[in-house]
Amino acid sequence: MLQEILKRRSIRKFSSHPIPEKDIREIIECGMNAPSSKNRQPWSFVVVQGDAKQGMLQAFQKGIDREEHGAPLLPNSRQHLSGAKYTLRIMEQAPVTIFVFNTLGDNIFAELSQEERVFEICNHQSVSAAIQNILLAATAKKIGSLWICDIYFAYQELCDWLNIEGELLAAVSLGYPEESPPQRPRKNFDDLVIWKNKPE
């Protein structure tokens, strides 16, 4: 798996070739085998493909239109709207998009106590571990992936369309890659790692 970690890339150009259901199931099962806080396994997954993609794209576009011309959820992130529009085009070409939910979450607008906030953070870490497993499993199968957070520009619209209980956290688009991007620059190890009682 070390090679998959090092070879994984965010793919933004996909073939239209469909992904076999067996591979999709195995990729999600790898996500479900991630570690989770107190073994709560607070995740669920919605697989969107085929004709269902049209409703997903319409919901996303509706949210972008609202952000641009109506009451924005993210008024201070307007400079990233062009990126969200690009993400919409990527999701259009990707044969599969998986929406990932925190089943124990409420919604991003809920007021939380300090203890509830810690509970939420732990569950978010768990779901993030599941997403990372999905990306690595896809890489092992030579399937490209893109972890998508631009969904927050159409958060309510996508939640309404998906109509699933829980807190929508992210999406992952999957497809056979039509690009081989180089690794993005990484920060320097020694600038990021602090050793306490480092062995000589």
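This is a predicted model: local features need pLDDT of at least 70, side-chain atom pairs count only at pLDDT 80 or more; totals for chains, interfaces and linings use all residues.
**Entry 1: the largest pocket**

I began with empty space. Rolling a probe the size of a water molecule over the atoms shows where such space is left. The largest pocket holds about 310 Å³. I counted 16 lining residues, and those closest to the pocket centre are Lys7, Arg8, Arg9, Thr139 and Lys142. Which elements supply at least two residues each of the lining? I found helix H1 (2-7), helix H5 (114-140) and strand E3 (144-148). H1 gives the largest share, with 3 residues. By class, I noted 6 charged, 5 polar and 5 nonpolar residues in this lining.

I then looked up Thr139, one of the residues closest to the centre. Threonine 139 sits in helix H5. Its relative accessible area is 18%, so I put threonine 139 down as buried, the cut-off being under 20%. Leaving out residues up to four places away in sequence, threonine 139 touches Glu4, Lys7 and Arg8.

**Entry 2: the second largest pocket**

This pocket has a volume of about 200 Å³. I listed its lining as Arg8, Arg9, Ser10, Arg12, Glu179, Pro181, Pro182, Arg184 and Arg186. The lining splits into 6 charged, 2 nonpolar and 1 polar residue.

Glutamine 183 lies in the loop between strand E4 (167-175) and helix H7 (189-192). With a relative accessible area of 46%, glutamine 183 is partly exposed. I also took its distance to leucine 57.

**Entry 3: helix H5**

H5 has 27 residues. I get 39 Å from its first C-alpha to its last, close to the 39 Å expected at 1.5 Å a residue. Which residues of H5 are buried? I wrote down Glu120, Asn123, Ser126, Val127, Ala130, Ile131, Ile134, Leu135, Leu136, Ala137, Ala138 and Thr139. An α-helix has 3.6 residues a turn, so residues three or four places apart point the same way. The cover over the buried residues of H5 includes H1, helix H2 (21-32), E1, E2, E3 and E4.

**Entry 4: helix H3**

H3 covers residues 53-69, and its 17 residues should span 24 Å at 1.5 Å a residue. The end C-alpha atoms of H3 are 24 Å apart, so the value agrees. Buried in H3 are Lys53, Gly55, Met56, Leu57, Ala59, Phe60, Gly63, Ile64 and Glu67. What do these buried residues pack against? I found strand E1 (43-49), helix H4 (81-93), strand E2 (96-102) and helix H6 (155-162).

**Entry 5: aromatic pairs**

A pair of aromatic rings is described by the distance of the centres and the angle of the planes. My count is 2 aromatic pairs. In one of them, the rings of phenylalanine 109 and tyrosine 155 have centres 6.5 Å apart and planes at 85 degrees. Planes over 60 degrees apart count as edge-to-face, so I logged this pair as edge-to-face. The pair links distant parts of the chain, 46 residues apart. Phenylalanine 109 is in the loop between E2 and H5, and tyrosine 155 is in helix H6.

Are the two residues buried or exposed? Phenylalanine 109 is partly exposed at 46% relative accessible area. Tyrosine 155 is buried at 2%. Tyrosine 155 also pairs with tyrosine 152, and that pair is stacked, at 5.3 Å centre to centre with 5 degrees between the planes. I therefore recorded Phe109, Tyr152 and Tyr155 as one aromatic cluster.

**Entry 6: positive phi**

Most residues other than glycine have a negative phi. I looked at two residues with positive values. Phi of glutamine 41 is near 50 degrees. Glutamine 41 lies in the loop between H2 and E1. At 38% relative accessibility, I count glutamine 41 as partly exposed.

Phi of lysine 142 is near 60 degrees. Where is lysine 142 found? I placed it in the loop between H5 and E3, just after H5. Lysine 142 counts as exposed, at 67% relative accessibility.

How values were computed: Residues are numbered from 1 along each chain as its sequence is written. Side-chain values use heavy atoms; hydrogens and water are left out. On a 1 Å grid over the protein atoms alone, a cavity is a set of points where a 1.4 Å probe fits but cannot get out, and a pocket is an open set with protein on both sides within 12 Å along at least five of seven lines; lining residues have an atom within 4 Å of a point. Grid points are joined across faces, edges and corners, and a volume is the space filled by probe spheres set on the points. Helices (H or I, at least four residues) and strands (E, at least two) are DSSP runs, numbered from the N terminus. Ala, Val, Leu, Ile, Met, Phe, Trp, Tyr, Cys and Pro count as nonpolar, Asp, Glu, Lys and Arg as charged, and the others, Gly among them, as polar. The expected span of a helix is 1.5 Å times one less than its number of residues. Buried means under 20% relative accessible area, exposed over 50%, partly exposed in between (1.4 Å probe, protein chains only). Contact means heavy atoms within 4.5 Å. Rings of Phe, Tyr and Trp (its six-membered ring) pair if their centres lie within 6.5 Å; planes under 30 degrees apart count as stacked, over 60 as edge-to-face and the rest as tilted.
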